[in-house]
Every structure is written in structure tokens, then in C-alpha cells.
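Welcome, and thanks for taking a look at this one. Here is a short briefing to read alongside the view below.

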Amino acid sequence: MEPEALEICPYNPHHRVPLSRFQYHLASCRRKNPKKAKKMASCKYNACHVVPIKKLEEHEAACVNRSTVEEEDSLHPLKVSLPSSEQNGNAPQTFVPQKLVCESDTRESEREAHPPSLTTPQKTLRPGE
């Protein structure tokens with residue numbers, strides 16, 4: 001089995017962390033080093049790239065993950081079209097988000113809405129029965 005590559009922690013250069021644990025380590029080390037964390041920033045192309053704020057713009061211009069993010073954006077551009085109030089003469093309609101639930105959540109909410117005692121007759125046990 002091949003040993004995993006180690007990354008150097010931007011908050012403490014003495015920390016060498018396996019790549020698979022690097023995100024967790026960054027979050028932990030950021031909390032433990034708040035003074036240093038205030039001087040650092042995360043790359044918008046890869047959150048594991050933490051650099052000094054003064055060097056962030058330079059890093060993002062040369063970031064190795066930049067091209068892959070830009071390619072994905074060009075393949076799947078975000079298209080949003082909102083109805084204009086001038087087109088139909090009416091005020092714009094308000095958007096009301098619907099609650100998304102999993103199938104298991106639906107079953108749980110049905111149980112809460114209709115407790116078993118209300119939906120299913122239950123036998124009352126008396127002492128001696």
C-alpha cells in the first residue's frame with residue numbers, strides 16, 4: 001500500500017497532515033489559532049488552499065483548480081429568469097418556498113399529526129387480565 005501524500009498546514013508549518021484528513025485539520029487548526037486565522041483567507045477555487053490575505057489575489061490568478069471551475073461554469077451556466085412586472089402589468093408574485101421532505105420525514109410527520117391513540121383503537125389492560 002502506497003503512503004498517502006502529506007500536506008503542510010498553513011496555520012502551523014510543523015503540522016504534516018494526510019490529504020484525506022486535511023479539511024478536518026484546517027477547520028480544527030483555524031479554531032486553535034484565531035490570531036493567525038484572521039490574517040489568512042481561503043481560495044474561492046479550493047477551500048483547502050489557505051493563504052495570507054495579501055497573497056490571495058495572486059494565488060487565485062494562478063490556482064491549479066481555477067481552470068476546472070471555470071470549465072464547469074461554462075458548461076452549466078446558471079440561468080435565472082424572473083417575471084417582469086412591466087410585461088404583464090401586475091405586481092410581481094412573491095415566491096413561497098416549499099418544504100422539501102424525505103420519504104422518511106413524511107412518515108414521521110404523519111405519525112406526529114395522527115398519534116396512534118387517535119387513529120388506532122387500543123385495548124386497555126386491567127390488573128389480572
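A salt bridge here is a side-chain nitrogen of Lys or Arg within 4 Å of a carboxyl oxygen of Asp or Glu, and buried means under 20% relative accessible area. Please keep in mind that this is a predicted model.

**Glu60, a buried charge**
- Glu60 sits in helix α3, which covers residues 56-62.
- Glu60 is buried but has no salt bridge.
- Which side chain of opposite charge is nearest to Glu60? That is Lys44, 4.5 Å away.
- Beyond its neighbours within four places in sequence, Glu60 makes contact with Ser42, Cys43, Lys44, Tyr45 and Arg66.

- Lys39 belongs to the loop that runs between α2 (34-37) and β3 (40-42).
- Is Lys39 buried or exposed? Lys39 counts as exposed because its relative accessibility is 59%.

**The chain as a whole**
- Seven helices and four strands make up the secondary-structure elements of the chain.
- Their order along the sequence is β-β-α-α-β-β-α-α-α-α-α.
- Of the chain's 129 residues, 15% count as buried.
- Among contacts between residues at least 6 apart in sequence, 14% link residues at least 24 apart.

Terms used. Residues numbered from 1 in each chain as written. Predicted model: local features only at pLDDT ≥ 70, side-chain atom pairs only at ≥ 80, totals over all residues. Heavy atoms only, no water. Helix = DSSP H or I, 4+ residues; strand = E, 2+ residues; numbered from the N terminus. Buried < 20%, exposed > 50% of the residue type's maximum accessible area, 1.4 Å probe, protein only. Lys, Arg positive; Asp, Glu negative; His and termini not counted. Contact = heavy atoms within 4.5 Å.
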